[in-house]
Amino acid sequence: MVPMHTPTKLRVGLLYGGQSPEHEVSVQSARNVYRALDTTLFEPILVAVTRTGVWQLADETSLFARDAIEEATGTPLALVPGGHGLLVGQGRTEPIAALDVVFPVLHGPHGEDGALQGLLELAGVPCVGPGILGSAVGMDKDVMKRLLREAGLPVTPSVVLRAHEQDAADPVAMLRQLGPTVYVKPANMGSSVGVGRADTPETLKAALSTAFAYDTKVLIETAASGREIECAVLGNTDPAASVLGCIAPRSGDFYSYEAKYLDENGAQFEVPARLPEAVTAAARQLAVKAYTALEAEGLARVDMFIDDAGTILINEINTLPGFTKISMYPKLWEASGLPYGELITKLIHLARERHQRRAGLAAAQLS
């Protein structure tokens with residue numbers, strides 16, 4: 001049983017694993033966050049989420065074990081609504097732990113799409129990263145792009161196709177409208193899972209079939225020219241942008257899941273990105289504008305394309321980016337003068353600040 005009270009330290013619930021295809025990415029990220037956590041300030045409480053969605057208490061040994069959370073082996077856990085972070089075990093009357101803040105290192109559906117954030121809000125516990133709305137908007141590429149357009153921010157042309165419309169879709173017309181090359185993406189997925197490139201009706205049909213295996217809504221967008229640029233944004237009401245980073249996949253046509261997480265040599269990184277000073281300033285400003293327009297708080301990574309003429313297009317926002325040893329979000333802040341460990345500490349304090357600010361609203365005082 002985890003001690004209920006450690007007066008000098010904040011109890012940080014580190015959630016990892018999960019049901020999405022990004023399960024392995026989450027475990028890798030959690031290992032790095034755990035190593036970087038300042039144990040003079042924080043007491044980590046590990047909560048592993050199995051592929052079937054069961055929460056269970058974990059420890060350092062199981063976190064670093066190869067197949068630690070494939071199946072539920074411990075007592076299933078649940079958060080108590082209104083319990084201010086109380087964790088209880090199935091069939092038990094006494095709480096197992098009380099969390100002061102939760103750091104959800106859960107990528108994809110049920111982790112960064114607003115579902116978990118809603119649960120944590122009901123439980124009355126601060127959560128690292130954006131809240132319900134910012135998380136949901138950041139996950140849905142269709143809604144995200146609609147809001148960015150509404151805010152007057154530049155995005156790539158795209159169309160949306162839903163599963164029930166797939167049979168009637170005309171790949172030739174789509175390529176005529178958006179082509180000659182397009183990318184096909186599940187609307188609610190991250191880490192390039194289910195993403196495909198197409199430049200013929202046949203490859204477009206195949207890419208749609210793959211994308212619809214992951215979501216009932218798919219985005220087909222024009223392939224943007226230029227370099228792939230990323231910017232890490234940090235903060236609540238006064239967000240700051242990091243230096244820019246450039247990614248160039250060593251093989252393939254785009255920055256795939258394998259290149260991001262499985263192959264340490266899958267891409268070349270340029271941090272800071274070598275760009276004209278004026279273009280760099282404009283891109284960082286756009287990243288903050290996108291962050292604000294999409295109701296993000298805490299953290300997010302904003303991905304953009306910049307061509308040789310300095311034209312900038314916003315690709316997407318990632319509200320819980322990877323924290324693996326080759327992930328860009330911590331790399332960008334390291335290059336901006338904020339070391340990994342200090343970044344983790346800052347994110348935890350931002351979560352508590354946002355929670356306290358919302359708790360002070362009049363609506364929160366109603367019984």
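**View 1. Two cysteines, C246 and C127, in a predicted model.** C246 counts as buried at 7% relative accessibility, where buried means under 20% relative accessible area, exposed over 50% and partly exposed in between, computed with a 1.4 Å probe on protein chains only. C127 is likewise buried, with a relative accessible area of 6%. The count of disulfides comes to zero, a disulfide being a pair of cysteine sulfur atoms within 2.5 Å. This is a predicted model in which local features need pLDDT of at least 70 and side-chain atom pairs count only at pLDDT 80 or more, while totals for chains, interfaces and linings use all residues. Residues are numbered from 1 along each chain as its sequence is written, and side-chain values use heavy atoms, with hydrogens and water left out.

**View 2. R301 in strand β15.** R301 lies in β15 (residues 298-306), strands (E, at least two residues) and helices (H or I, at least four) being DSSP runs numbered from the N terminus. R301 is buried, with a relative accessible area of 7%. Beyond its neighbours within four places in sequence, R301 is in contact (heavy atoms within 4.5 Å) with residues including E230, E316, M328 and Y329.

**View 3. Helix α10.** Among the buried residues of α10 (residues 328-335) are M328, Y329 and W333. The helix α10 is followed by G337, whose phi is positive, near 100 degrees.

**View 4. The open sheet β4-β5-β6.** Three strands form this sheet with antiparallel pairing, where two strands pair if DSSP finds at least two bridges between them. β4 (77-79) and β6 (97-98) stand at the edges, each with a single partner strand, so one side of each has no neighbour in the sheet.
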